Amino acid sequence: MAQPKEKGGLGFRSFHAFNTALLAKQWWRLMTVENSLMARVLKACYFRHSPLMEATKGSRPSYTWSSIMGARWVLDKGCLWRVGTGENINIWSHQWVPGAAGFRLFSGHNYRPGLQRVSQLLLPGRREWNHALIRQVFAPHEASLILQIPVSGNALASSSGAISGIWKVLWQTKSIPRCKELLWRACHDIVPVRAVLVNRGIVTDSICPLCGDDDETLVHAFFGCSEVAPVWFSSPLFMDFRHVPDNFSLVQWLSQILKEGDDWLADSVFTLLWAIWERRNKWCFDHQWYPFDFVLRRASSLASVGFTVGDEGSVLHGQRREGGNATWRPPQSGIIKVNVDASVSAGSLMGYGYIARNSRGEVLATAAAKWPTASTVALAEAMALRWALQLSLDLGFFAVDVEIDSKMVVDAWSNHSRQCSYLALVVSDSVFISQSFHSFSLAHVLRASNMAADFLAKFALS
Ligand SMILES: [Zn+2]
């Protein structure tokens, strides 16, 4: 009788199936609305220290909990883990690979006994798949399924909200932009000190060019170097960096300084860092050597400039303009307009297109890139957007209006935090990156006014 009418039954609902579906819905609610009263009570009682998907029934479950646990198999059949840091996901026992049979992996089990967590498949300290390892361990089709999964691109994204708020404060500080930009780069580990270049395989020698005693890490180059520490010590700041602890974090140090809310302090620190870096480069590239008091004088000359031309650029954070224009329009003076698009082909690749223009309509940069394809067109567009924002920062464009012709991505921008899809994950990466700009806006435009980016994305695939 519970069979559908087309199949010869009477279409009655199976009471058992109906009840299971209702309980499974409760389970889904527990997963997605983590701060509901029920979720908080159940978490405190039954899975205080573990994620919901690893919760067990426990020894004396309440009626509610044991009923909900009874319907868990329904979700186990269709749910999969979304890769964030990958630390909580077991490579072999969890369901985490979209497109794989049962969302699980079947190859590579015997490869390496220590290989357990998905985080081990990422490059150390980075949110990027370790392509070489994955291709080595898994069968080709499973390897490409893994490599298609977008991972959250920001190591800083997982840090606390207090840290993520500092960029806005940094950009508002009264200091000249190039000093702030250097600091921003240093915090994101993209200042080309020797240790960073060795990691990227660009040079082979990481020894500090100034003192020749130690590896030139960021902390060494800006603070600990015996040629640099006297600069700090003899400056009006009297900071002593002769013995920098191993766990010194530039980001945390910066956030402490910004928390003081003292423009003089912040400006002095930023300009000193800039002058230190300038002296280092003059030595490396022009073989001109300047004593440390020169660095101090240089910093103070920059600092006085900093206070007179301090506030430039209006902050447009969080603003969103609705699109609909059929032709491309130049941005306001001082802003760079970035158009971005993705093109998905029938094969295993997708193309990204990027074009940046100023208020006179002059092209400042174009880029096209090929990437392993994404599972949906919207996801491809979201990944192209993330790539474009990162690229803009790398190019030094700190005030941008970004246009994209995917309405889904622009919609996801406003409610990414309430969803747990990969689209929302990639969009929330972009939201995070967008906080690093002085000025930022995102708008949806018609395909017709995004033709240049569209052309470049298709060009990437040709
Ligand atoms: Zn040194």
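Tutor: An axis here is a line fitted to C-alpha atoms, for helices over the stretch in contact, and angles between N-to-C directions run from 0 to 180 degrees. This is a predicted model, in which local features need pLDDT of at least 70 and side-chain atom pairs count only at pLDDT 80 or more, while totals for chains, interfaces and linings use all residues. Residues are numbered from 1 along each chain as its sequence is written.

Student: Why are α16 and α17 called roughly perpendicular to each other?

Tutor: The axes of α16 (residues 377-394) and α17 (residues 407-415), helices being DSSP runs of H or I with at least four residues, come within 8 Å and cross at roughly 70 degrees. Angles of 65 to 115 degrees count as roughly perpendicular (under 35 is roughly parallel, over 145 roughly antiparallel, the rest oblique), and α16 and α17 are therefore roughly perpendicular.

Student: Which residues of α16 and α17 meet?

Tutor: With contact meaning C-beta atoms, placed from the backbone, within 7 Å, Ala-378, Glu-381, Ala-382 and Leu-385 of α16 meet Met-408, Val-409 and Ala-412 of α17. These divide into 6 nonpolar, no polar and 1 charged, where Asp, Glu, Lys and Arg count as charged, Ala, Val, Leu, Ile, Met, Phe, Trp, Tyr, Cys and Pro as nonpolar, and the others as polar.

Student: What makes α16 and α18 roughly parallel?

Tutor: The axes of α16 and α18 (residues 422-434) come within 9 Å and cross at roughly 20 degrees, and α16 and α18 are therefore roughly parallel to each other. Among the residues in this contact are Leu-379, Arg-386 and Leu-389 of α16, with Val-426, Asp-429 and Ile-433 of α18, and the residues of the contact divide into 11 nonpolar, 3 polar and 2 charged.

Student: Is the crossing of α16 and α18 left-handed or right-handed?

Tutor: The crossing of α16 and α18 is left-handed, the near helix being turned anticlockwise from the far one by less than a right angle (clockwise would be right-handed), whereas α16 passes α17 in a right-handed crossing.

Student: Why is α9 called oblique to α13?

Tutor: The axes of α9 (residues 177-187) and α13 (residues 250-259) come within 9 Å and cross at roughly 140 degrees, and that value makes α9 oblique to α13. Leu-183, Ala-186 and Cys-187 of α9 make the contact with Leu-250, Val-251 and Leu-254 of α13, a set with 6 nonpolar, no polar and no charged residues.

Student: How do you know that β3 and β4 pair?

Tutor: Pairing needs at least two DSSP bridges, and 9 bridges join β3 (residues 349-357) to β4 (residues 363-372), which run antiparallel. Tyr-354 has Ala-367 in β4 as its bridge partner.

Key. Helix = DSSP H or I, 4+ residues; strand = E, 2+ residues; numbered from the N terminus. Contact = placed C-beta atoms within 7 Å.
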